[in-house]
Number of protein chains: 2
Amino acid sequence: MSKKFVKDITLRDEDFALWYTDVCLKAELMDYSAVAGFIIYRPYGFAIWENIKSYLDKEFKKTGHENVYMPLVIAENLFQKEKDHVEGFAPESVYLTTDATSKSDEKLIVRPTSEVLFCEHYRKIVSSYRDLPKKYNQWCNVVRWEKTTRPFLRGKEFLWQEGHTVHATEEEARKEALDMLGVYNDMGKNLLAIPFITGRKTELEKFAGADETYTIEALMHDGKALQSGTTHYFGQNFSVPFEITFQDRDNQLKHAYQTSWGVTTRLIGAVIMVHGDDDGLVLPPYLAPIQTVIVPIQSQREEVIAASNKIKELLEKENIRVRLDDSDKTPGWKFSEYEMKGVPIRVEVGPRDLKENKVTLALRYNREKIQCNLDDVVPTIKKLIPEIHEKMYKRALEHVKKHTHTINDYSEFGKVIAKGGYIKMSIAGEEEELKVKEDHQATARVILNEPLLTEKCLVSGKKATKTILFARAY
Amino acid sequence: MSKKFVKDITLRDEDFALWYTDVCLKAELMDYSAVAGFIIYRPYGFAIWENIKSYLDKEFKKTGHENVYMPLVIAENLFQKEKDHVEGFAPESVYLTTDATSKSDEKLIVRPTSEVLFCEHYRKIVSSYRDLPKKYNQWCNVVRWEKTTRPFLRGKEFLWQEGHTVHATEEEARKEALDMLGVYNDMGKNLLAIPFITGRKTELEKFAGADETYTIEALMHDGKALQSGTTHYFGQNFSVPFEITFQDRDNQLKHAYQTSWGVTTRLIGAVIMVHGDDDGLVLPPYLAPIQTVIVPIQSQREEVIAASNKIKELLEKENIRVRLDDSDKTPGWKFSEYEMKGVPIRVEVGPRDLKENKVTLALRYNREKIQCNLDDVVPTIKKLIPEIHEKMYKRALEHVKKHTHTINDYSEFGKVIAKGGYIKMSIAGEEEELKVKEDHQATARVILNEPLLTEKCLVSGKKATKTILFARAY
C-alpha cells in the first residue's frame, strides 16, 4: 500500500527548488500559462488562497476596515508624485496600451501597488478630522515585471490584499502599522501554523516611500527566509505631495499620517516550503481545503460505502471539510494522491476493520495511524484538528530555533550561513549590513527587539547599535 | 424634519441619466478616478458587490463549481484561434506592454473575457471522460476599451465572475447553460428584488463564439432594458480549434462541449435604476450593506443612547446588519443621508417615544412610518425584512407588466417605444429585426418562449416565426 502508485516527485533534500515546483504542479495547486511569469491558480491552490482571504477579511472587518476597489491603472503623472516610491517601482513599469492610447501622451501604468490611487482618492474625500481615520483595504491583482519568476513566490502578476489607511495623528498611524503586523502574525499562529519572526526592516530593506517597514519573516525548510508580509508607516511622505489635508479640532489645516500593509499569494509558497515533505504537500488543518478524506477499501462492498457515506454526513454536520473518494481508482492510488495534496487526515474504511466496528485514521503530518471505533470518528477528528495544528506549529518553531545561530567571529559567517538558517548578529550600521550582503548574499531580515549580543560590531569592530537577523532569502 | 439638509439630486423623471450619476456619487457608491472609464468602488458600493458575490459564490459551489484564477493577459496567437470570438472583441483590444515587450513580437492582450485561457488549460488537463465535467468559475477584473462609459453600466474596467465549463455531452452542456440562467434568475428573485425576463438571444445579439446565448433582462424605471447577465452554450466551437478532446467510454476520441456565463458589477446599476427614487437609492433588504440604521433623536440624552445601543445589540445578535449613527450631526441630516443610501429600515429613538416605551420605524421603499413597542423592535424588523423584499419585487414586477406592450400595426411602434418599456411582437426573421433596430433604435432583448401573437410579421408581412421582446436598451 505504501508504494508510490502515481506521481513521483524530487526528494526534498536532494533539490529543494525542483521539489518545490514538483509539489506545486503535482498537488495541482497551479499550472503555467502560455505567458511566462503568469500562472493559473487551479481549484486546489485557489481554495487555499480563499481560506487565507476569508480569515483575513474577517479580521480586517473586525478591526474597522472597509473593502474598496481601485482601478487597474494609474495615470503616469500621478505615479510620479512621491519620488522614492516612483524610483522603487520604475524599473519594472508595465503599461496598458491600445491603438488609441498609443497615439496619446498620457501613459497608463498597470498598478504594481496602489498607494498613489488611494492617496488621490483620500485627497478628495478627506477634509475634516471627522472624516478620519479612513481604513480601506482591497483584494486585487497587481503586475510587476519580475525577471525571474517562481510559482507563488514571485510572478509578473500576483494576487494580494493591500490595506491603506489615513489618520489624524502620528501616534494612531504608528499603532495601525503595528496592529496589522499583529493580525498577520496571528494568522501565522492560527491558520498557517507558521511561526513568523516580526519586527522592523532596516533602512536598506524598507519599502520605497515608507518611514518604517515591518515584516513577518518565515524560515523555509531549506534554511532560506521568506518575507511573508509587510506593514508600512508612511508618516506624511505621501500626504504632503498628494495634499491630503484636514481641518483639525484646533481649526488648523494639517497633513494626515498614513500606513499601508499587504500579504500576497506568496503565503501559499510559505506553507509549501515550511510544512511539505518528500511525499508532497502537508497542510495545516485550518487552512486545508479538504480536512479529511475518506477512502473506502474494497468500495464494491455495500457496507463499506454505507459506512463511508455515514461518516461523511456526520463530519459535514460538524462543518468539517470532507471529501469521500469513491471513484474506481485503487486505494493505493488514492493514498498517494491525497498525501501529495497534504490532506491532514485520511479515514480508511475497510471490510476487515468494519467487522470489528472500527476504521483507521492516518495523519499526514507525522504518518501516525490510529484505530478508532466507528462511533468515535467524529469526536476523534474534532480533537485531532487542533492537536495537529498545534504540533505542526511547534515542529516549525523547533526548526526555526534549531536554525537560528549566533557566531563569535565574522569569519564564521560563511560556514554557518551555508548550512541555512538565521544568523543573529549585532552590527554597527548600514555599511556593515551592505558588507554582509556582498560577502555572503545574506540580507538583514529584521531588526530584533533584543539587547545587543556584543558591544562591538563583529563585521567592522565599530560600536554595535542594533541586533539583526540575517539570512539568505527568497 | 423632511426638509433636505444635505444633498440634493436631480429629479428622477426630469433627467434620468443625471439622476443616475447623482445617486452613484452622492450615495457614495463610487467615484471617478483620474483615468476616464476606470471607476473607484467606494466602501458602500463595493459592499453591495460583496453581497452579490457572496450569494452567487455559495450557489456556484452548491452546484459543483470550483473557483480558479486565470492570468490577466492572453498571448495574441491564442486569442486568435476562434474566429468569431476574436472578431467580436478585436475592435477594443488592449495590450500590456513594457520596455521589454515592446521590442518583442509577442503581443499580450489584457483579458476582455477569458474563454481562450480556460480552453487552453482544459486542453491540457482533460483527456478522459473521467476528467469531465470540469466546472470552473473565476471572480476577476476585465478590460474593454469602451468609448462611452457610465458608472457600473459600462466601463473600461469592470468586475465580474465568469464561469467556464466542459462537458462530455451536448445534453449536459445545454443543461448547464440553462441551469446557470436559473441561478441568475433566482438571484433576481431572492436578492436583488428584480424580476428578470429570461430567454434566448437572437443570432444578431448573441455572444461572439456562442451557438446560443441566454439572457436575464431587466426593465429600468425609465423604460429602457438592461442586459443583466448572460449564459452561453458553445457546442464545440471552441473545443475544435483548441483541441479539447477526451477518450470517451466507448474509447472514441471526442471533442468536448462547453459553456460560459457571467454577471458583472453592472448589476449594481440595475438595482439603482429599478428601485431608486427622487431621494436616492432604495435597496432591497437582503442586498443592503446596512439593513437597519438607528438614529437617536436628542443624542445627548442618556436614555436615548442606552436604548439605541440596546436595540443595536439585539439586532446584531440576530445577524441583522445594523448601524447606529450617534455622530453629532443633526437627525435631519442623518435621515436624508440614509435615505440617499437606501437603507431599508430606520429606527428613530426619541425621548418622547421612549417615555411611552416606543420607537418609530421608517421604511425607505414606501415611506411608511410605524410605531412599535420597544420590546417588539427585533421581531418587527425580522418580519419586515422579507415583507419589504417581497413588496419591492412586486412593485418592480408591476412596472414591467405596465410597460410591456403589444401593437396591432408596425406604425404604432415608434409612439409606443418612445414612452419606454417593452414591445412584444412576432416577427419573421433577421431582416425584420434589423429594420426595427434601424427605425427605432430598439433591439431584440429576448426570444420569448410563447405562442405567436400574429400569424404574419407586423414589420414585413411575411410569415411570423418567433415572438420577440423589443426595447431600447443600455
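The legends below describe close-up views of a helix pair in chain A and of paired strands in chain B, in a predicted model. In this predicted model, local features need pLDDT of at least 70 and side-chain atom pairs count only at pLDDT 80 or more, while totals for chains, interfaces and linings use all residues. Residues are numbered from 1 along each chain as its sequence is written, and chains are lettered from A and ligands numbered from 1 in the order in which they are written.

**View 1. Crossing of helices α2(A) and α6(A).** The axes of α2 (residues 43-62) and α6 (residues 170-192) of chain A come within 11 Å and cross at roughly 135 degrees; axes are lines fitted to C-alpha atoms, for helices over the stretch in contact, with angles from 0 to 180 degrees between N-to-C directions. Helices (H or I, at least four residues) and strands (E, at least two) are DSSP runs, numbered from the N terminus.

**View 2. The residues between α2(A) and α6(A).** A:Ile52, A:Tyr55, A:Leu56 and A:Glu59 of α2(A) meet A:Val183, A:Met187 and A:Leu191 of α6(A), contact being counted when C-beta atoms, placed from the backbone, lie within 7 Å.

**View 3. Strands β17(B), β18(B) and β19(B).** Strand β18 (residues 358-363) of chain B runs antiparallel to β17 (residues 345-349), joined by four bridges, and five bridges join β18(B) to the antiparallel strand β19 (residues 369-373); strands pair if DSSP finds at least two bridges between them. B:Ala362 of β18(B) stands opposite B:Arg346, and its bridge partner in β19(B) is B:Lys369.

**View 4. The hairpin of β18(B) and β19(B).** Five residues lie between these two strands, and B:Arg367 in the turn has a positive phi of about 70 degrees.

Technical notes. Two residues are in contact if their C-beta atoms, placed from the backbone, lie within 7 Å.
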